[in-house]
Structures are given as C-alpha cells and as structure tokens.
Amino acid sequence: MIEIKNVTKKYGKKIAVDNVSFTVEDGDIFAFIGHNGAGKTTLIKSIVGIHDFDEGDILIDGKSIKENPVECKKLMAYVPDNPETYEHMKAIDYINFICDMYETPLDVREANIKKYSKIFEMEDKLNDTIDSYSHGMKQKAVLISALAHDPKILIMDEPFVGLDPKAVFDIKEILNEMVKEGKIVFYSTHILDVAEKLCSRVAIIKSGKLVKSGSMKEIKGDKSLEKVFMELEEK
Amino acid sequence: MKKLMSLIKACMTSDMNLFKVSSKKKGKSSIILPIILAIYLMGYIGGISFILFKELDVDGNAYVLLSVFAFIITFLTFIEGIYKTSSLIFNAKDDDLLLSLPIKRSTVIFIRIFKFYIFELLYNSVFLLPVIIAYIPFNKGSLVLYIVISLIMLLMLPIIPIALSSIIGVITTAISSRFKYKNIVEIVFTFILLACVFMASMSGSKVMEYLLNNASRFNDLIVKYYYPAGVFGKLVNNFNIIDLLIFIGINLVVYLLTILLISKVYFKINTRVKSSTKKSSNKNTIIKVRSPRSSLIKKELNTFFNTPVFIINSGFGLILFLLLVVVMIFKPDLFLLVLTKNNPNSGLTSDEMMKHISLIILLIMSFTSFMTSITNSVISLEGRNINILKSLPIKAKTILMSKIYACMIITTPVFIVGLIALLIKFKVDIIEFILLLIIAIVMPLISHLIGILVNLKYPKLDAENSAEVVKQSTSSLVAVFTGMGIMFFTVFLLIMFMIIGFNTKIVLLGFTVVFILVDLILYLILNKWGTKKFSSLEA
C-alpha cells in the first residue's frame with residue numbers, strides 16, 4: 001500500500017505539490033492525471049525517493065520513504081517519463097545492473113528477462129548498446145529492467161509515450177496481470193481514454209493541489225473521464 | 001546578425017556559465033571557493049612574473065617575458081584543444097535542435113568554436129591578466145597603449161591554437177569514426193599527439209636557460225617561429241600599427257578559414273559519428289548475478305572506458321607517471337639534473353638527491369597523483385541518470401564509495417607497478433619499500449576523495465557533452481587547483497626535508513600517517529555531508 005500523507009514540495013517560493021493526501025491499495029491500477037506542470041512528476045519522484053519533500057510523509061507498506069528509503073525502494077520499480085539509461089551499456093548489461101541493485105536471484109531475473117523481452121520483441125536486441133536504440137526501444141529496455149526484478153509496486157511516469165500500439169497493448173496486459181497478483185501499478189498519464197478503461201482508481205491534480213481522488217466509477221459517474229477532467233480544469 | 005546574436009545568447013546561457021552548478025539550492029557560497037582559488041592563483045602568477053620581470057629588466061629585456069607568457073598560454077590552449085575539440089564539435093546534445101534550424105552549418109561550427117573560445121578566454125585571463133598587471137611598473141612607453149595592446153593580445157591569443165586544435169580534432173574524429181571501436185581509436189590518437197607534444201616540451205629547461213642568457217634575441221626567435229606570440233613583446237617594446245594590424249588580420253583569417261573548412265566536412269563526419277557501427281552480436285545473452293557494490297563498480301568502469309575525454313584527461317597523469325618511471329629507470333641522471341636545475345636554490349646536487357631516492361620516488365608519485373583527479377566529474381557525468389541511482393534501493397554511501405573504488409582500480413595498479421619497478425631498480429630498503437607501497441594507495445585516495453567532494457559541491461548535471469563536464473566545469477577547475485595546491489605543498493616539504501637531511505624512514509612514516517589521517521577525515525566528510533548532498537541532488 002502507498003499512503004501519501006499531507007505531502008508538500010516547494011521549489012523556492014513556488015509550491016509544486018500542496019498538501020496532497022491519498023492512498024493506493026494493493027491490487028490497484030491507479031491513474032494520476034493533471035495538466036503539464038501540475039505536479040505529477042514531482043510527486044512521483046518524491047514517492048520513489050528521488051526528491052525530498054518539505055512536509056508530510058509517504059509510506060510504502062507502512063514504512064516511511066524518508067526514514068527507510070532503501071527498504072521502501074526495494075519494493076518499487078520506477079519508469080521515468082524520459083527513458084533515462086546508461087546509453088553506452090548493452091541493454092542486457094543495463095537490465096542486469098538494475099537486477100543486481102535489487103539483488104534479484106538468477107532464476108527470477110532469467111525468467112523475467114526472457115518473458116518480457118519476448119513480449120516486447122527485444123530478444124535479439126538485448127546485446128546492442130542502448131545508444132543505438134530508438135526512443136521506443138529505450139522505453140522497452142527500461143520497462144524490462146523495471147519488471148525483471150519482480151517489483152511489488154510499479155510506478156511509471158507517462159509510460160505510453162513513444163511506444164508502438166502493440167507495446168501499449170502488451171503493457172496493459174502486463175499491468176492487468178500484475179494487479180491480479182495483488183501488486184500495485186501507479187502511473188501518470190495524459191491518455192485519458194486508456195486510463196478510463198484500464199484503471200480502478202484515479203487522482204486528479206491541478207496546480208499542485210489534489211482536486212479529486214477515488215474509484216474510477218465514483219469520479220466519472222456517467223460521464224467520460226475526459227469530460228470530468230475538462231470540467232475540473234475549467235473551474 | 002540578429003539571428004547569430006540570438007543563437008549565441010541561447011547557447012551561452014544554457015551551458016557556458018562557468019559558475020553554473022546544478023543544485024537548485026545554489027547560493028553565494030558556491031562561487032566563493034572558485035573565486036578564492038582564482039585570486040590565489042592570479043596572485044601567485046603575478047608575484048612570480050614580477051620577480052622574473054625585475055630580473056630581466058636589469059638589461060632592459062623585461063618585455064621579452066610577455067612574449068614567453070603569450071607563447072606558453074598559446075601552447076596550453078593548444079593542448080586543451082587537443083583534449084576537447086572532438087567532443088565539443090561533434091555529437092553534442094543540441095545537434096538535433098541546431099541542425100534542424102534554418103541556419104548555415106558554418107554558423108553551427110561558429111557557435112561550437114566560439115563557446116570553446118569564451119571558456120579559454122576566461123581560463124587564459126587567470127594566467128595572463130596578472131602577468132599584464134605585473135609588467136606595468138616596467139613599461140617604458142604609454143600606459144594606455146600598453147593596456148590596449150595587452151587587451152587585444154588577450155582577446156586574440158586563443159584563436160589560432162583553438163583553430164589548429166579544432167582541425168586536429170576534426171581529423172582525429174574523421175579517422176576514428178570509420179572504425180568499429182571509435183572511442184579506442186580516438187583515445188590512442190590523442191595520446192600519441194599528446195606524447196609528441198610532451199616529448200617536444202622536454203627541452204623546456206634548455207629554453208629557459210637560453211632565454212636568460214640571450215633575452216633580446218629570444219624575442220626575435222619567438223617572432224620568427226610563432227609570430228602571434230612574439231609580436232606581444234615586439235609591440236610593447238616598439239609599437240608599430242602595421243604589426244598590430246597584421247596580428248589581428250592573421251587571427252581573423254585563421255578563424256574564418258577554420259570555420260569554413262570544418263563546416264565543409266562537419267555534417268558528413270557528424271552523421272558517421274552518430275550512426276552506430278556496432279552490430280548485434282549473435283552471442284547468447286549472458287545473465288550474471290553480482291553484488292550491488294561490484295555491479296556499481298562495473299558500471300563506473302564502463303562509463304570511464306566509454307568516455308574518451310574522461311580517459312584522456314585522467315589517463316594522462318598516469319601515463320606521465322609511467323613516463324617518469326621509465327626516465328628514472330633508464331636515465332636517472334637526466335631526471336635528477338632537471339630536478340636540481342629547477343630548484344637551483346636548494347643547494348642539492350644529483351648525488352645528494354640519490355641518497356634520498358625514496359623521497360624522490362614519493363615526489364614523483366605526489367606530482368602525478370595529485371594532478372590526476374578522476375573523481376571530480378563522476379557525479380556530473382551521471383547527468384539525468386542520477387535519478388536512476390537515486391531511485392535504487394542502495395545507500396548513497398555505497399554509490400559514492402563504488403565510484404571511489406572504481407577510480408582506485410584504475411589508478412592503484414599503475415602506481416604499484418611503477419613503484420615496484422623503481423624500488424627494484426634502486427634497491428630501496430624494505431621498510432621504505434613497504435611505506436611507499438602504502439603511500440601509493442593512500443595518497444591517490446586523497447585525490448579521489450577530494451575530487452568527489454568537490455563534484456558534489458559543484459555538480460553539473462545538465463551538460464551538453466562529457467568534455468564540458470570533464471574539462472570546463474567549476475568542479476574540474478576547483479579540484480585541479482586544489483590538487484595543485486596540495487602537490488606544491490607536498491613537493492615543497494619533501495625538498496625541505498632533503499635539504500635538512502631528515503631521516504628518510506621517519507619522513508616516509510610521517511607522510512604515511514598524515515595521508516591516512518587526511519583520508520579518514522575526508523571519508524568521514526563524504527559519509528556525512530557527501531551522502532546528504534547526494535540525496536539532495538536534483539536533475
């Protein structure tokens with residue numbers, strides 16, 4: 001479970017995230033939506049321990065990311081909005097590097113690398129250096145590295161950007177499979193129709209403040225998620 | 001012109017601010033240390049040059065030294081250029097943006113070289129401005145004219161060495177880009193070039209001797225062999241507007257020709273550099289399990305060996321060490337002669353120095369190890385990838401120490417091998433042997449710890465290319481100047497102990513203890529302040 005409790009993050013005088021609180025339960029696919037600059041990436045980076053935050057706390061399975069960063073991070077995998085990797089590495093070396101950091105046993109990583117590289121059609125390309133990849137291939141390499149260590153919580157920032165339609169479909173399948181196992185998927189997105197179909201819960205952030213949070217059914221009612229989002233934006 | 005100015009402004013503000021550091025919490029304290037170091041260095045250079053001017057002024061030849069300094073600055077700019085131009089001109093992060101704009105390729109080249117020029121201008125000013133000021137009391141002619149000439153020289157001097165090194169950088173890249181292993185070819189080429197320049201400069205002490213004996217003819221010699229440097233002394237001593245115009249003309253023509261020449265081949269070479277020639281290997285995918293620490297060290301080594309400018313920059317100190325070891329083994333007399341000539345006031349002869357051979361060996365090690373600062377860019381080189389490290393379930397201390405271990409893996413074997421060769425050659429006493437071996441580990445460690453602490457203080461996570469981080473960031477300048485300061489102090493102490501005739505074993509033991517204590521203090525700072533600073537870095 002992820003518990004976000006009254007989190008505030010400031011950049012100088014500017015408040016990027018303003019007293020945000022919500023909870024993500026085990027088995028949730030949680031969509032985090034908001035316009036550009038609303039504070040999505042800042043909050044995501046705070047959850048995964050990249051950013052410190054000024055007030056509040058974030059608990060991962062009951063443990064504070066501030067107090068126990070290493071233990072919390074062991075439960076999570078993070079996929080950034082830009083596929084940031086060590087470009088001079090071969091993809092397989094990069095994936096192995098990430099697995100080493102999570103101390104993933106050989107049998108688990110072997111099985112997962114095989115499984116996900118097959119799904120993303122990357123089996124023949126893992127021995128290439130990442131700098132020879134396209135944006136989409138880099139994104140796939142990052143996704144394989146995130147999934148290879150079998151995380152309990154998958155946190156993604158705009159994961160569908162730059163991916164081909166088949167890869168988008170495959171990710172949706174993988175995410176559904178994960179939540180069936182009681183895992184958590186938390187991701188930010190601008191693609192509202194995908195979020196509407198895929199996610200069980202949603203939070204909407206506007207100018208750093210949480211304006212809506214709850215189950216997808218509660219939030220959208222009879223309307224489309226896009227319509228709800230646009231109405232909130234116009235307020 | 002408006003378009004060009006707009007481009008220069010955009011490019012300069014994004015990446016050429018010398019004191020730009022990536023911490024969002026940057027304050028005034030960030031720039032205090034570089035300023036203090038620059039003032040210290042300028043004061044030191046000004047003081048030394050004043051003494052030299054005074055000595056040469058007895059025969060009315062002080063002006064010659066201006067040409068000598070101009071020549072040295074030119075030479076240093078050329079060396080810097082060989083290191084950097086290839087990385088600065090090709091495969092920059094803003095390539096796609098600039099090449100997609102409706103501007104000429106020559107404009108792109110102009111911007112790339114102009115950025116390098118501005119940096120060198122700042123760098124040269126630290127060395128040349130104090131010299132120019134120190135000469136004022138010895139200036140015989142009009143002060144206003146002298147200042148105008150000096151400022152023109154300051155502005156023009158970097159142009160030709162930058163142009164020449166840019167052309168060399170383009171040729172090196174053009175050749176290396178045809179090979180599968182571009183990086184290795186580029187590194188080998190650069191080392192060969194630098195070795196040639198180093199060999200040529202070995203006769204430096206002879207040149208200084210000639211200068212002191214034949215100062216007035218020396219300026220004619222510089223004018224003859226390198227007019228743009230020699231003309232400085234000539235103009236100050238005997239102003240002639242034609243000489244000044246020729247000097248300005250030569251610089252401008254060389255600059256424009258270089259830009260035109262490079263822009264003709266730039267696009268083709270850059271495309272080749274960007275297109276990877278590495279083909280998929282058909283080997284089975286190897287999945288190995290390593291501990292987090294060894295995996296992090298492997299990643300660091302991978303970064304090191306895949307960043308040519310990083311290897312060239314830090315590797316040169318190690319190669320210099322090995323070169324000095326070879327000279328000591330095969331031509332010990334030559335080495336000691338250079339040492340005694342450069343320290344004429346020490347009163348030590350070559351024979352007396354041989355009695356303190358262990359201290360001479362320590363002197364070589366301190367000279368090269370404090371000049372070899374690998375870690376001053378290891379944080380900045382992470383760039384936005386710092387977010388990957390920060391999201392991993394690994395303590396900041398483990399990440400930082402793995403960077404130190406990787407640097408130790410690179411430097412320690414070189415120092416140990418060179419040291420053992422020297423110890424065997426000079427049949428050093430076993431206790432001194434053991435103490436020197438310990439020093440070979442703990443002394444470079446100081447350099448590594450200082451480097452990483454300085455880089456944590458002055459990170460640059462948004463650089464356009466690795467050369468900018470390795471060669472022209474605040475962190476690299478501060479770390480190099482700090483290393484130089486420690487090196488000068490250590491060398492001074494060693495020479496003092498030799499003159500006094502202190503017991504070599506006690507001196508070595510003293511240095512070992514002090515180095516270990518400094519390592520411990522720096523380690524504690526890294527463990528406490530460094531880890532906090534790492535966690536607060538934002539890309």
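Me: Where is B:Leu522 found, and why is B:Leu522 called partly exposed?
Reply: This is a predicted model, and in it B:Leu522 is found in helix H23 (residues 504-536) of chain B. B:Leu522 has 19 other C-beta atoms within 10 Å. A buried residue needs 20 or more and an exposed one has 12 or fewer, so B:Leu522 counts as partly exposed.

Me: Which residues does B:Leu522 touch, not counting those up to four places away in sequence?
Reply: B:Leu522 touches B:Ile446, B:Leu449, B:Ile450 and B:Leu453.

Me: What makes B:Lys427 exposed?
Reply: B:Lys427 has 8 C-beta neighbours inside 10 Å. The cut-off for exposed is 12 or fewer, so B:Lys427 counts as exposed. B:Lys427 lies in the loop between helix H19 (396-425) and helix H20 (430-457) of chain B. Its phi is positive, near 45°, in a residue other than glycine.

Me: And why is A:Asn6 called exposed?
Reply: A:Asn6 has 12 other C-beta atoms within 10 Å. Exposed covers 12 or fewer, so A:Asn6 is exposed. A:Asn6 sits in strand E1 (residues 2-11) of chain A, and has a positive phi of about 50° although it is not a glycine.

Me: Why is H5(A) called largely enclosed by the rest of the structure?
Reply: The reason is the count: 12 of the 14 residues of H5(A) are buried. Among them are A:Met137, A:Lys138, A:Gln139, A:Lys140 and A:Ile144. The buried residues of H5(A) pack against strand E6 (76-79), H3, H4, strand E7 (153-157) and helix H6 (165-180) of chain A.

Me: Which residues have the most contacts inside the largest nonpolar core?
Reply: They are A:Ile144, A:Ile155, A:Phe186 and B:Leu362, in a core of 201 residues. Helix H3 (residues 62-89) of chain B gives the most to this core, with 14 residues.

Me: What makes you say that this core lies between two domains of chain B?
Reply: Domain 1 (30-275) and domain 2 (292-536) of chain B both give residues to the core, so the core lies between them. In soluble globular proteins, nonpolar side chains tend to be buried together.

Me: What is A:Ile155 in contact with, leaving aside its neighbours within four places in sequence?
Reply: A:Ile155 is in contact with A:Ile44, A:Ile47, A:Val48, A:Met76, A:Ala77, A:Tyr78 and A:Phe186.

Me: How do you know that chain A agrees with a compact globule?
Reply: A compact globule of 235 residues would have a radius of gyration near 18 Å, and chain A has 18 Å, so it agrees. Its C-alpha trace spans about 50 × 40 × 35 Å along the principal axes. Of the residues of chain A, 48% count as buried.

Me: How many residues does each chain bring to the contact between them?
Reply: The contact takes 34 residues from chain A and 31 residues from chain B. H3(A) gives the most to the side of chain A that touches chain B, with five residues. The residues of that side divide into 15 nonpolar, seven polar and 12 charged.

Conventions:
Residues are numbered from 1 along each chain as its sequence is written. Chains are lettered from A and ligands numbered from 1 in the order in which they are written. This is a predicted model: local features need pLDDT of at least 70, side-chain atom pairs count only at pLDDT 80 or more; totals for chains, interfaces and linings use all residues. Two residues are in contact if their C-beta atoms, placed from the backbone, lie within 7 Å. Helices (H or I, at least four residues) and strands (E, at least two) are DSSP runs, numbered from the N terminus. Ala, Val, Leu, Ile, Met, Phe, Trp, Tyr, Cys and Pro count as nonpolar, Asp, Glu, Lys and Arg as charged, and the others, Gly among them, as polar. The radius of gyration is taken over C-alpha atoms; the globule rule is 2.2 Å times the number of residues to the power 0.38. A nonpolar core is a set of buried Ala, Val, Leu, Ile, Met, Phe, Trp, Tyr and Cys residues joined through C-beta atoms within 7 Å. Domain bounds come from an automatic or database domain assignment.
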